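Please look through the structure shown here before reading on. The briefing after it is meant for a reader who is meeting this structure for the first time.

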Amino acid sequence: MVENRPWVTYLTHIMLVVGVLVMAFPIYLTFVASTHTLPELLDRPMPVLPGSHFIENYTTALTSGVKELGVSVGRMMFNSLVMALGITIGKISISLLAAFAIVYFKFRFRMFFFWLIFFTLMLPVEVRILPTYKVVADLGMLDNYAGLTLPLIASATATFLFRQVFLAVPDELAEAARIDGAGPVRFFFDILVPMTRTNMAAMFVILFIYGWNQYLWPLLITTDESMYTIIIGINRMLAVGDDFAEWQVIMATTMLSMLPPVVIVVSMQKLFVKGLTETEK
Amino acid sequence: MAEVLIKDVKKSFGKVEVVHGVNCNMEDGEFIVIVGPSGCGKSTVLRMIAGLEKITAGEISIGGRVVNDLEPAERDIAMVFQNYALYPHMSVYKNMAYGLKIRRMPKAEIEERVQKAAKILELSEFLNRKPRQLSGGQRQRVAMGRAIVREPKVFLFDEPLSNLDAKLRVQMRLEIRRLQKRLGVTSVYVTHDQVEAMTLGHRLLVMNDGNMEQIGTPIDLYERPKTVFVAGFIGSPSMNFLTAGISADGTAVELSGEGSLPLPDGFSKYGGSEVTLGLRPEHIIVTEKDSPIKFKVDMVEELGADSLVYGYFGPENTILAIRVPGTVKIEADMNLQLTCEPQNLHLFDLKSGNRLEV
Amino acid sequence: MEKRVVFRHPVLPYLLVAPQIAITLIFFIWPASQALFQSVLQQDPFGLSTEFIWFENFIELFTTPAYMDSIKVTAVFSFSVAMLALTVALYLAVQADRVIRGGMIYKTSLIWPYAVAPAVAAVLWLFMFSPTLGIITYALEVLGYNWNHKLNGTEAMMLVVVASAWRQVSYNFLFFLAGMFAIPKSLIEASAIDGAGPARRFWTIVFPLLMPTTFFLMVMNMVYAFFDTFGVIHMISEGGPAGATMIMVYKVYEDGFRALDLGGSSAQSVVLMAIVIALTVVQFRYIERKVEY
C-alpha cells in the first residue's frame, strides 16, 4: 500500500477475516452437524458448537451409510476415487499423445484433427446428455466405471495446454535429441514428458477435482447403488425428504466428500493455481 | 578418414533458393569456419551437413560416404548449439551420456568416456548438477562434452559463443581451438564474427546472400580478397572503398579528379577500367609529401596502442578510416595527406565486385 | 504455431491421436450430431414412428410459455450468480492485494471452496436454510419471517443463487488476484504521486486494467451458471417450485429423462449448444484483441 495509514491496514485485515469467516461458515456448520445425534440437531435451534459423536457418525457413514440407501459411504468414496483418477489419468495420457502428434508431426489431416479436438472445447457434457447416454447404453457401459469415466475424457482442455507447453520447448532440444539418435518415441518419453512434469501435476489437480465433483453424468449413468459416487450418494440420502433425513450421517458424508479435493487444493495450492490459470487461456 | 566433401550443394525452401551452390573439400582434421552476415545461409549449410535440413541439390559426403539421405544420428556427427540445447531435467552426466545410451553402449564404456571428456573440459566436479545450476560458460562446455563423448567423425558448431559475454568469448575461443588441436577431429564452425573466424579456422568459407564468396586461409582472405564483400568483411575496421579509374596505360589508379596513386606491374590489361579501390585503414600512411588523398579529420578514437582516425576525403566527402600508432597525435579538423604502398592497393571491378588479378 | 523440427513418420502420428479422436468421435461428435438430428424429429413415446418435422420443434419451443419462462429464469439466475460472485471476489481481491503480511494465509483460506462440488455446496446451504432444522431459517423465524424455499419461488431462486455464487467467489478471487498482480506497481505509485487517493486510484487505474480479466470471468461465470449448476438445482429445488428455478440445462434433463420428450429436449440441447458456441467465440475474439496495451 502506498499510503502509510495503519488504521486502513487494520480495516483491510478485518474485512478479509470477515470474508474468510463468511466463506467458511457453511462448512463449519456442516462439521458441527456431523458431530451430533439427530435428535440434538432437530431440537431447534441446532447447536452451534461441535458435539461428541464424531467417531460414531463417521463410522456409521463409512461402513453402512444411511438406512434406505443400501450402500456405504466407504464404497461410494471408492467409486468417486476410481472415477476421478480414471478421468484424470485418462485425460492426461491421451492429451499428451495427441498434443505431441499435433505439434511435432507433419501429416495429412493434421489441421483437421486439430479443429476437431478444438471443437470439443466448447461443449460441456450437459449439452449432449441424451444422445451420449444412448451411446453409452448401447455400448453396454451403464453402471460401470468405463461408462462413468470415458465420456468425460473427451474434452480438449488438457490437449490445448500441452500443445502450448510443447510449442514453447526450444527447437534445438529436439534437434540435439535427433543428433543423439533419439527417434520420436524416445524423444517423447525421455525428454518431452519429464520436461512437462509441472504442467502435468497442475492438470492432475484440476482434473481430479473436476472428476470427483461430477454430478449430472453419474446421476444418469448409475442406477445400481453400489456404483454411486459419493456426490450422488448425498443426493440420494436427501431424497427421503427433509423430515426423515438422517442429517447427522448426511453431514458426515458431506464432510468426507469434501475432504480429498480440499486437501489436494490446499496442499498443492501452487500447482492448482497454475493449472487453473493456464488452462483457461 | 573423416573428410567432408561438399559438392555443389543448393538449398531451396519451396520456390525460394537460399543457398546457391557451395563447394568445399575439407581434409581430415581441418577446422573450417563458415562466416558471413546474418541470413547468408551459413547455418543452413551447417544444418545440411548435420542432416537437420534436406539437401535440395548437390552432394555431401562424410568420411567417404554420401550422407544425403542419412538421418543425423547415422552420419556420425556431433553438434554444439548456440543455445546449448542441454536437457534441463538431466544431470550433466546424463546429458553427456544420453547419445551413448541410445546407441546401447555398455555402461562401463559410457562411464569411461564421460569421465575422460569431463576431465578435458574441467567439468568433473559438476557431473551431478543440473544445467540450471551452471553458468553460461559451464553449460557451453557441457554441450561440447556431449559432442566429444560421441567421438564422431565431424564436430559441428552453430555460433556456440554468441550467448557469452565478450571476455568469456575470448577465453572459450582459445579453449575450443586447443581442444580441436588436441582431438584432431574435422570441425565445421559457423559464426558471424570475423574475429572469431580468423582466430579459429585453418580455412575460412565466406558466404553472402547464399553465395560462396571465397574460401581460403585467414591470411589469404586478408591479403587477397576475391570480392568487394570479402574485402569489406574481413579486417576491422573494414577496408575503405573509393570509386576510381585505372589510367589508360594501367600504371596508376586515378581518384576522381584529385590525382592518382601508382599501381604495381601487371595492370596494363585493365587500362581504362572503372574500379572500386580498396584501402585498409592499417595500410594508409600519413605523409608529408604531396599526395592525392587530402583528408580532413573528423574524429579520433584513441585505443591506446593504436588510434582510429575518421575523416572526409574528396568531392563527395567519402568517409575514410585510418589506423595510426598511438604515439602519433592527431586531432579533429587537422588536414592530412594520405598515401598507400602500391602492393597494398586492392582493385575490384566496379560492376561485378570481383578482384582484378594480375 | 509451427515447429521447425517435425518428425515424419507414416503411421505414428495417427496412432498418437487415435485415442483422443476415437473418444471425441464416439462420445462427442456422434452424440452432438445426434442431438442436432433428433431436434428436427418428432418421436412418439412408444418409439414406433419418427417424423421429420424440420424446425417445428424449435418453433414450438419458442412459443411455449414454459420454455420462455425457463429462458427468463436462466437469464436472471446466471446474471445474479455472476454479479454476486464477481463483486464479492473483487472486493476481497482488492483487500487481499493490499496486505503484505498474511497474504498467503488469506489466499489459501479463500480458494479452497472451489474444491467443493457445486452439488455439495448446495447441500451446505440447503442445510442452513432447511425449513426443518436450518439455523438461518430459525434465526429468520425469530425475526418473524417464515422461510420456506420449497413453497416460495423467489426464496428458492435466492438460495440457488447464493449456493452457486459461494463457490465461484474463490474462482474469481484467484483470477482477480492474478490480474492485479500483473499491474505494474509503478503505475499505482505514479498516480499516487499525482495526488490520487486509494478510491480514485482503484477506479481510474486498477479497474480499467482489470477489464480483460473481468470480461473473461464474466463469460466463465455465465458458462458456469448455465451448466455446472445443474447439481445445485437438482439438490435444492429440482427446478421448482413451479418452475421458479427451472434453468435451461435442467429443463433439458427434465424433458429428456423424465418426460421423455426426445425431440423437444434435443432441440433445447441445440439451443444451449448455440449459446455456448456464441459465448466461446466472443471469448476467443476478445482474448485475441486483449493483449493490446
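The model is predicted. In chain C, the secondary structure comes to 13 helices and 2 strands, while in chain B strand 19, which spans residues 335-340, is paired in the antiparallel sense with strand 15 and also with strand 16.

**Chain C as a whole**

- Taken along the principal axes, the box filled by the C-alpha atoms of chain C is roughly 75 × 75 × 30 Å.
- Chain C has 293 residues, of which 43% are buried.

**The largest nonpolar core**

- The largest nonpolar core has 279 residues, and the members that touch the most others are A:Phe100, C:Val120 and C:Ala122.
- Helix 4 of chain A, residues 73-104, gives the most to this core, with 17 residues.
- When neighbours within four places in sequence are left aside, C:Ala122 is in contact with C:Ala163, C:Gly231, C:Val232, C:Met235 and C:Ile236.
- As a general background, nonpolar side chains tend to be buried together in soluble globular proteins.

**Helix 4 and helix 11 of chain A**

- The axis of helix 4 of chain A comes within 8 Å of the axis of helix 11 of chain A (residues 197-212), and the two cross at roughly 140 degrees.
- Because of that angle, helix 4 of chain A is oblique to helix 11 of chain A.
- On the side of helix 4 of chain A, the contact is made by residues including A:Ser80, A:Met83, A:Ala84 and A:Ile87, and on the side of helix 11 of chain A by residues including A:Met200, A:Met203, A:Phe204 and A:Leu207.
- The crossing in which helix 4 of chain A passes helix 11 of chain A is right-handed.

- The covered face of strand 19 of chain B holds B:Leu336, B:Leu338 and B:Cys340, whereas B:Asn335, B:Gln337 and B:Thr339 form the uncovered face.
- In a regular strand, side chains alternate between the two faces of the sheet.
- Strand 15 of chain B (residues 284-287) pairs with strand 19 of chain B over 4 bridges, and B:Ile284 stands opposite B:Cys340.
- Strand 16 of chain B (residues 293-302) pairs with strand 19 of chain B over 4 bridges, and here B:Ile293 stands opposite B:Leu338.

Technical notes: Residues numbered from 1 in each chain as written. Chains lettered and ligands numbered in written order. Predicted model: local features only at pLDDT ≥ 70, side-chain atom pairs only at ≥ 80, totals over all residues. Buried ≥ 20, exposed ≤ 12 C-beta atoms within 10 Å, placed from the backbone. Core = buried A, V, L, I, M, F, W, Y, C linked by C-beta atoms within 7 Å. Contact = placed C-beta atoms within 7 Å. Pairing = 2+ DSSP bridges. Axes fitted to C-alpha atoms, helices over the stretch in contact; angles between N-to-C directions. Parallel < 35°, antiparallel > 145°, perpendicular 65-115°, else oblique. Left-handed = near helix turned anticlockwise from the far one by under 90°.
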